[in-house]
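Keep the structure open and find each residue as you read.

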Amino acid sequence: MHRGLAMENFKIGQDYLDEAWKPKNPFEGLMAMEVTSEIISKIADAKFAWLDLIVQGHMIAICAKPNGGKTTIMVHAAGEMSFKHGYQVIYINADASASDLKEYKNHAIDFGYKLLNPDLANVAAEDVVNELKLMSLKDYDFSSHVLILDTLKKFTDMMNKSKGKEFYSILRALTTKGMTVICLAHTNKYDDKDGKPVFEGVGDLRSDFDELIYLIPVKNDDGSITVSTSIDKCRAILTEYSFSISPDREVTVLNHHVDTLAVSLHQRHLEEDSDVIQFILDNIQPYSKSVTELHITSKNMGIGFSRKRLDSVLKRYSSQYSKNPKWLALPAPTYGTKYSLITPEYLNELTLKGGVKV
């Protein structure tokens, strides 16, 4: 009897060893990333809670610099999701002043959603997290609910990988039961080398959320702000949008997308290049000049602009590259390019072609 049991155990052990030493499919890890019909079906069948931007049942991070319009736009969105689309919206604002909260409360009353503020209720952020955890454990259908957290760093340590992971798992548990979770977050003070914003915190924010959307604002001369989305990551087919925020914080969805990143970079370049631009304008009249001639003039005047910088600025605002040029770029009689002041004839031609300011 003992011998039979020993033989059976030996066979089980041998089967285990055989399986362990069995050659593995070398493509197994790679194929885990295969785009399946089920994944495509989920993308195609996504239901939107607001515009073609906020997907119902997803975790969405919306990031912008301070005063970048994220709260103003999401307050507007909260009202529309509640009043127009019938969602039960809970907006937890832990990042607003007392005076702003009064205005937001009036908006919440008018549009039928709930505004919460932990500070006014003498509730710690940890208590809010605990309440969300308790909600995630309940057997409940949250598909008609939208939760907005403003801002994310009030509820977790953005720089602590383990704490962030723990909080994001709570939010994920809520979305598995149908809830739409929108987290507003800040971007770093400095953009990347291409001028694009970078979210504040460790990389888990991007990997753990379904969508990561940046809001990029530019200020207009009339005091309004144009804010455009820049979708960095998505698990559904989203549409890029632009919004206009008036000086009194009224939000309008524009019928076209504005490349505010390009406009922002242009504005930054204008500010950085202002001294070089003025030097060039002063010295390409009455005669056109090449970059070499301008470089020599710069040295003779003791200004000392480098040839590389002059060449860069000349090209950036020339008729050859800019939609709203500051000077003409013309072929030199022998070789190279000469730069001269813009003529009325060129302006008329630009207008006829539909030239617009960047």
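Predicted model: local features only at pLDDT ≥ 70, side-chain atom pairs only at ≥ 80, totals over all residues.

In soluble globular proteins, nonpolar side chains tend to be buried together.

So where do you find nonpolar residues inside this protein? The largest nonpolar core has 35 residues, and the ones touching the most other members are Ile 62, Met 74, Met 81, Tyr 91, Ile 148 and Ile 182. Helix 4 (residues 70-83) gives this core its largest share, six residues. Take Ile 182: if you skip its neighbours within four places in sequence, it's in contact with residues including Ile 54, Ile 60, Met 74, Val 146 and Leu 149. There's also another core lying apart from the largest one, with 28 residues, among them Ala 94, Val 128, Leu 152 and Phe 155.

Now zoom out for a moment. The protein has 358 residues, and 39% of them count as buried. You can trace 12 helices and 13 strands. Among contacts between residues at least 6 apart in sequence, 62% join residues at least 24 apart.

Next up, the charged residues. The count of salt bridges is 14, and here are some of them:

| Salt bridge | Closest N and O atoms |
|---|---|
| Lys 84 with Glu 80 | 3.3 Å apart |
| Arg 249 with Asp 100 | 3.2 Å apart |
| Arg 249 with Glu 103 | 2.8 Å apart |

Glu 80 is buried, since its relative accessible area of 16% is under 20%.

Arg 249 is partly exposed at 29% relative accessible area, and Asp 100 at 23% also counts as partly exposed. Glu 103, with 39% relative accessibility, is partly exposed too.

Which distant parts of the chain does the Arg 249 and Asp 100 bridge link? Arg 249 sits in the loop between strand 10 (242-245) and strand 11 (251-253), while Asp 100 belongs to helix 5 (residues 98-111), 149 residues apart. Glu 103 is in helix 5 as well, 146 residues apart from Arg 249. Through shared partners, salt bridges join Asp 100, Glu 103 and Arg 249 into one network.

How values were computed. Residues numbered from 1 in each chain as written. Heavy atoms only, no water. Core = buried A, V, L, I, M, F, W, Y, C linked by side-chain atoms within 4.5 Å. Buried < 20%, exposed > 50% of the residue type's maximum accessible area, 1.4 Å probe, protein only. Helix = DSSP H or I, 4+ residues; strand = E, 2+ residues; numbered from the N terminus. Contact = heavy atoms within 4.5 Å. Salt bridge = Lys/Arg side-chain N within 4 Å of Asp/Glu carboxyl O.
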